[in-house]
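Colleague: I have not looked at this model before. Could you take me through it, one question at a time?

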Amino acid sequence: MTALELNHDRGRCAIDIAPGLLDDRSALADAVSGRVLIVTDRNVAAHHLPRVERALAAHRPSTLVLPPGEPSKTLASWTQALDALVDLGAQRDATIVALGGGVVGDLAGFAAASWMRGIRVVQVPTTLLAQVDAAIGGKTGVNLPAGKNLVGAFHQPARVLIDPTTLTTLDGREFRAGLAEVVKYGAIRDAAFLDRLESDAPWLLDRDADRLTAAIERAVRHKVEVVADDEREAGQRALLNFGHTFGHALETETGYTRFLHGEAVAVGMVQAARLGVLLGDLAADDADRLAGLLERLELPTRRPDDVSPAALAEHMKLDKKNQAGRIRLVLLDALGAARVRDDIDPERILEVLEQ
Ligand SMILES: NC(=O)c1ccc[n+]([C@@H]2O[C@H](COP(=O)([O-])OP(=O)(O)OC[C@H]3O[C@@H](n4cnc5c(N)ncnc54)[C@H](O)[C@@H]3O)[C@@H](O)[C@H]2O)c1
């Protein structure tokens with residue numbers, strides 16, 4: 001088992017990574033205190049809830065099962081979670097166990113942040129995206145009709161338990177979308193990781209337990225390092241947005257239905273890399289290599305022909321990460337070396353979007 005630690009401004013969070021971790025009853029039982037509320041969704045419950053309920057049986061947990069997907073990340077679900085805590089008689093020593101993807105993690109984390117001004121949350125992520133990203137770092141929240149993640153809080157989990165074998169039941173597209181976020185860490189801070197991902201690509205696609213666990217571990221180490229240096233996203237943490245401004249524009253323009261987040265980020269990372277080439281900062285071969293790796297991982301890397309570059313450029317101008325009317329982008333100087341730029345001529349951005 002790999003045991004990592006994230007030191008943050010209120011203490012530390014232990015992160016355990018091991019195939020079969022959810023079969024280890026004591027790992028879960030040792031992570032909780034007081035009354036326990038398990039929050040999960042229907043898909044995850046069908047495959048993984050019984051083990052978790054068994055491991056926590058001594059705590060007589062309650063379980064809230066939500067409909068799967070982004071529509072559950074609302075204030076209404078948050079109220080449901082708080083009502084479940086009321087029914088449970090939860091006190092300040094209670095624990096919420098978030099068993100699921102980023103939707104469950106963000107929602108359950110926000111319920112834990114707000115119940116009695118903050119109780120323990122244990123993140124048990126079951127999507128690749130949640131294992132390498134969403135479950136680590138303490139960002140929690142819900143969506144409003146006006147926009148995604150508009151309400152939320154920083155609330156670090158007490159513990160993160162990552163069992164890579166839970167990914168065997170994940171839909172193939174969801175799994176590959178998570179691989180895009182794994183590639184992101186290599187692109188912004190670890191060129192040698194990209195080499196490894198290139199050689200391991202076929203095994204990763206087959207969800208080979210050893211290679212997948214190794215990739216998750218390395219990605220989690222990167223997330224932990226970035227968050228420990230910059231918990232409140234004042235600087236370094238912004239680099240994790242590589243590919244995201246381009247990606248969000250594509251998600252928005254296609255109504256959030258055509259691309260999964262990770263798929264849009266894959267396209268966005270290639271566009272950001274090509275912009276680096278256009279600006280003379282990044283070698284064309286490096287951008288091609290990044291695109292090639294994403295293609296090997298069966299991810300999209302190009303804007304579909306029916307999506308207008310001008311419309312994407314407009315969305316990018318409205319991105320919430322922009323400051324003082326300037327588009328803020330994470331660009332590469334080399335594979336493994338990224339920096340935030342806000343001095344890019346919008347014409348050059350359009351040029352890349354048109355490619
Ligand atoms: N807090 C953060 O730092 C952070 C970072 C990135 C993303 N996010 C958030 O994460 C959310 C997306 O997370 P996601 O991609 O995990 O989506 P998700 O939680 O909707 O999960 C994707 C789908 O997979 C299903 N699923 C999950 N685990 C499964 C398993 N093991 N087997 C079978 N099915 C399974 C779910 O039911 C769902 O249908 C977004 O709301 C995003 O804003 C948060």
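Colleague: Which residue in β5 stands opposite Val 39?
Modeller: This is a predicted model. Strand β3 covers residues 36-41 and strand β5 covers residues 95-100, and the two pair in the parallel sense over five bridges. In β5, the residue opposite Val 39 is Ala 98.

Colleague: What angle does the direction of helix α4 make with that of β5?
Modeller: Helix α4, residues 102-114, packs on the sheet and touches β3, β4, β5 and β6. Its direction and that of β5 make an angle of about 170°.

Colleague: Which strands stand at the edges of the sheet?
Modeller: The sheet is open and mixed, with seven strands in the order β1-β2-β9-β6-β5-β3-β4. Two of these strands have a single partner strand each, so one side of each is left without a neighbour in the sheet. The edge strands are β1 (2-8) and β4 (62-66).

Colleague: Are the rings of Trp 78 and Phe 110 stacked or edge-to-face?
Modeller: A search of the whole structure finds one aromatic pair. The ring centres of Trp 78 and Phe 110 are 5.5 Å apart. Their planes are at 25°, and planes under 30 degrees apart count as stacked, so the pair is stacked.

Colleague: Is Phe 110 buried or exposed?
Modeller: Phe 110 lies in helix α4, 32 residues from Trp 78 in helix α3. Its relative accessibility is 8%, and the limit for buried is under 20%, so Phe 110 counts as buried.

Colleague: Over the face of which residue does Arg 211 lie?
Modeller: Arg 211 is at 3.9 Å from the ring centre in question. The ring belongs to Trp 203.

Terms used. Residues are numbered from 1 along each chain as its sequence is written. This is a predicted model: local features need pLDDT of at least 70, side-chain atom pairs count only at pLDDT 80 or more; totals for chains, interfaces and linings use all residues. Side-chain values use heavy atoms; hydrogens and water are left out. Two strands pair if DSSP finds at least two bridges between them. Helices (H or I, at least four residues) and strands (E, at least two) are DSSP runs, numbered from the N terminus. Contact means heavy atoms within 4.5 Å. Axes are lines fitted to C-alpha atoms, for helices over the stretch in contact, and angles run from 0 to 180 degrees between N-to-C directions. Rings of Phe, Tyr and Trp (its six-membered ring) pair if their centres lie within 6.5 Å; planes under 30 degrees apart count as stacked, over 60 as edge-to-face and the rest as tilted. Buried means under 20% relative accessible area, exposed over 50%, partly exposed in between (1.4 Å probe, protein chains only). A charge sits over a ring if NZ of Lys or CZ of Arg is within 6 Å of the ring centre and within 35 degrees of the ring normal.
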